Amino acid sequence: MKTSFKFPYQEYTLRLNQSQSYTENPKVNDKLKRQFDLVFSSLKGKKRTIKSTTGDLNIRSVIDWEIAQKDMRVFDRELRSKGGTVIILVDGSGSMRYSQKMDKTRELVSTLYKSLDGITKINFKVIMYFGCFRTDEQQLGIIEINSLEECNKLVTDSIDDFGSTPTASAMHYCTKLLKKVKGKKLVITLTDGHPTIFNKRYNSGNGMPDKMSQQFEQTRLSYLEADNQKIKNFGIGIEVGGDHMEKMFRRSFVKVDNIEDSQIHIIRQLKMFVRSIK
């Protein structure tokens, strides 16, 4: 008989979308948007002008004729299987508030939302994650962002008692979220630190983070779990890297000096993703 068990990164209390004040307005980077638009151009329908020489035009008849000419039938199931889901998983730890990292991340994902407007083959979501410092149990804070207007949830001020980097648990949350989603799946993680958790059960209540080696291994296992669910992962370390991070992301990782340098890598991953769903 198969025995199942939980890893520590799967044991957490979820704090979803807790209230906070959002003061930042999402901004779109026009130059970056043009680059994203090129990535998604093949997924956008071609504009066509249909002229009628007989007066009123029966649109239903035109559509039926087009389908008959191409001997093509389109079903919702087929459309779903050819589409995909992209998640940008954003480290919401305290250090992401420095050097405008969160400001620039907000601009990046806002621009991506703007570029994806009207494209139905890609379901896009941003998830910000953070851990609690002052609890006896591990608490995973999650804020889900589902539209351009909601990008102001990527705030620069700290959330009370939250600020650690439970990357393993956050990836586990994404895996559960994507488990029943059809089509291709891509998760791009943006983080500026090593994975850390704070809780009494695993840290003997001393207020210090779990052993770094253990957290690297737990996070590696969480990405392996996602890989087994056919979720493609890519990690971007902002001013953080090294062999441990490489192994954690199963070699699908790059270190950059700032958020701007991450753009080219995100574009490259999105290009490959678009090719996979066409």
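Modeller: Ground rule first: two residues are in contact when they have heavy atoms within 4.5 Å. What you see is a predicted model, in which local features need pLDDT of at least 70, side-chain atom pairs count only at pLDDT 80 or more, and totals for chains, interfaces and linings use all residues. Numbering starts from 1 along each chain as its sequence is written, and side-chain values use heavy atoms, with hydrogens and water left out.

Biologist: Okay, which residues is Thr 105 in contact with, leaving aside its neighbours within four places in sequence?

Modeller: Val 90, Met 96, Leu 190 and Ile 259. Thr 105 itself sits in helix 4; a helix here is a DSSP run of H or I with at least four residues, a strand is a run of E with at least two, and both are numbered from the N terminus.

Biologist: Is Thr 105 buried or exposed, and what makes it so?

Modeller: Buried means under 20% relative accessible area, exposed over 50%, and partly exposed in between, with a 1.4 Å probe and protein chains only. Thr 105 has 0% relative accessibility, so it counts as buried.

Biologist: And why does Gln 100 get the class it has?

Modeller: Its relative accessibility is 47%, so Gln 100 counts as partly exposed. Gln 100 belongs to the loop between strand 2 (84-91) and helix 4 (101-115). Gln 100 also has a positive phi of about 60° although it isn't a glycine.

Biologist: What is phi of Arg 251 near?

Modeller: Near 70°, a positive value in a residue other than glycine. Look for Arg 251 in the loop between helix 8 (243-248) and strand 8 (253-256).

Biologist: Now the helix pair. Why do helix 1 and helix 9 get the label they have for their relative direction?

Modeller: Axes are lines fitted to C-alpha atoms, for helices over the stretch in contact, and angles run from 0 to 180 degrees between N-to-C directions. Under 35 degrees counts as roughly parallel, over 145 as roughly antiparallel, 65 to 115 as roughly perpendicular, the rest as oblique. The axes of helix 1 (residues 30-40) and helix 9 (residues 259-277) come within 9 Å and cross at roughly 20°. Helix 1 and helix 9 are therefore roughly parallel to each other.

Biologist: Which residues make that contact?

Modeller: From helix 1, Leu 32, Gln 35, Phe 36, Val 39 and Phe 40; from helix 9, Gln 263, Ile 266, Ile 267, Leu 270, Lys 271 and Val 274.

Biologist: And how many helices and strands does the protein chain come to?

Modeller: 9 helices and 8 strands. Buried residues make up 47% of its 278 residues.
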